[in-house]
Amino acid sequence: MANKVNIPFEERPKNCTDVMWRYSQNPVIGRYEIPTSNSIFNSAVVPFEDGFAGVFRCDNKAVQMNIFDGFSKDGINWDINHEPIEMVAGNTEMIESDYKYDPRVTWIEDRYWVTWCNGYHGPTIGIAYTFDFKTFHQCENAFLPFNRNGVLFPEKINGKYAMLSRPSDNGHTPFGDIYISYSPDMKYWGEHRCVMKVTPFELSAWQCTKIGAGSVPIKTEEGWLEFYHGVINTCNGFRYSMGAAILDLEDPTKVLYRTQPYLLAPAAPYELAGDVPNVVFPCAALSDGEKIAVYYGAADTVVGMAFAYQQELIDFIKENSI
């Protein structure tokens, strides 16, 4: 099962007044960590055994997109397998993929579930499960194309599996809102409901073009803490930043609070420059109930980390909510 371990953490720098701050040794995973890679980013991390396991987006030097597993004792220094994950049949024999990218991972009941953007006549949400991060069982795609940013809740809600996603198009989607869908068996999905929409430009411009779920939601007494990305379309193209929302525990379609200011936006050199400049894209968050560590893709090239104190962050979201 998912064991509680000491999460990676670094105290806030003395000259920093922000509620979230970057790891001083960023990026934690460089673009060439395995021999074939062009870039490693938008990756997921969970506690596993006496350390951590991860599923990583690694684009190779042909810029073929795939997901790889890896392991770490401290959540910072990683040993990533050099070959992509090979799926076996789970609840379906249809396990073909044109590509796999932007994974998320969570423990639910008795196994780890992986979701990712799966190439099947366009982008949709792929699902697989594993017990040991050695054998991965691919299941039916959750939705028709086109969809991205499939993020599972870490427990059933009212007896059903629940997933956030962002319906999209076949390209670099110039729109996007966050929806939730439910499933009784992790095979058939329905009851699709809108959770969050983009904001008016004049209210909060950093998230006025599209938004998408980021990390697996963290259960707190105040509600589900969900990190998400927001996008503004600038004269220099899309700019991706990180915000957070608190969703109702019983009915996650109810957004209790949502950040008007971003928590983290492209500012460091590795966020400003890369294959896709100006990107901060959260995909995983670890919490021990007091501290939080967020893993995020930077400039679609490397993986960075940022930290916060959980209650301080929740208070900030509530005090700076739309």
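1. Thr 199 touches Ser 204, Gln 207, Cys 208, Arg 258 and Ile 322, leaving aside residues up to four places away in sequence; contact here means heavy atoms within 4.5 Å. This is a predicted model, where local features need pLDDT of at least 70, side-chain atom pairs count only at pLDDT 80 or more, and totals for chains, interfaces and linings use all residues. Residues are numbered from 1 along each chain as its sequence is written, and side-chain values use heavy atoms, with hydrogens and water left out.

2. Where does Thr 199 sit? Its place is the loop between strand E14 (190-196) and strand E15 (210-213). Strands (E, at least two residues) and helices (H or I, at least four) are DSSP runs, numbered from the N terminus.

3. Thr 199 has a relative accessible area of 6%, so it counts as buried (under 20% relative accessible area, with a 1.4 Å probe and protein chains only). A polar atom of its side chain lies 2.7 Å from the backbone oxygen of Ser 204.

4. Buried residues make up 57% of the 322 residues. Of the contacts with a separation of 6 or more, 52% are between residues 24 or more positions apart.

5. Along the principal axes, the C-alpha atoms fill a box of roughly 50 × 45 × 40 Å.

How values were computed
Buried means under 20% relative accessible area, exposed over 50%, partly exposed in between (1.4 Å probe, protein chains only). A polar contact is a pair of N or O atoms within 3.5 Å; within protein, one must be able to donate a hydrogen and the other to accept it, and residues adjacent in sequence count only if both atoms are side-chain atoms.
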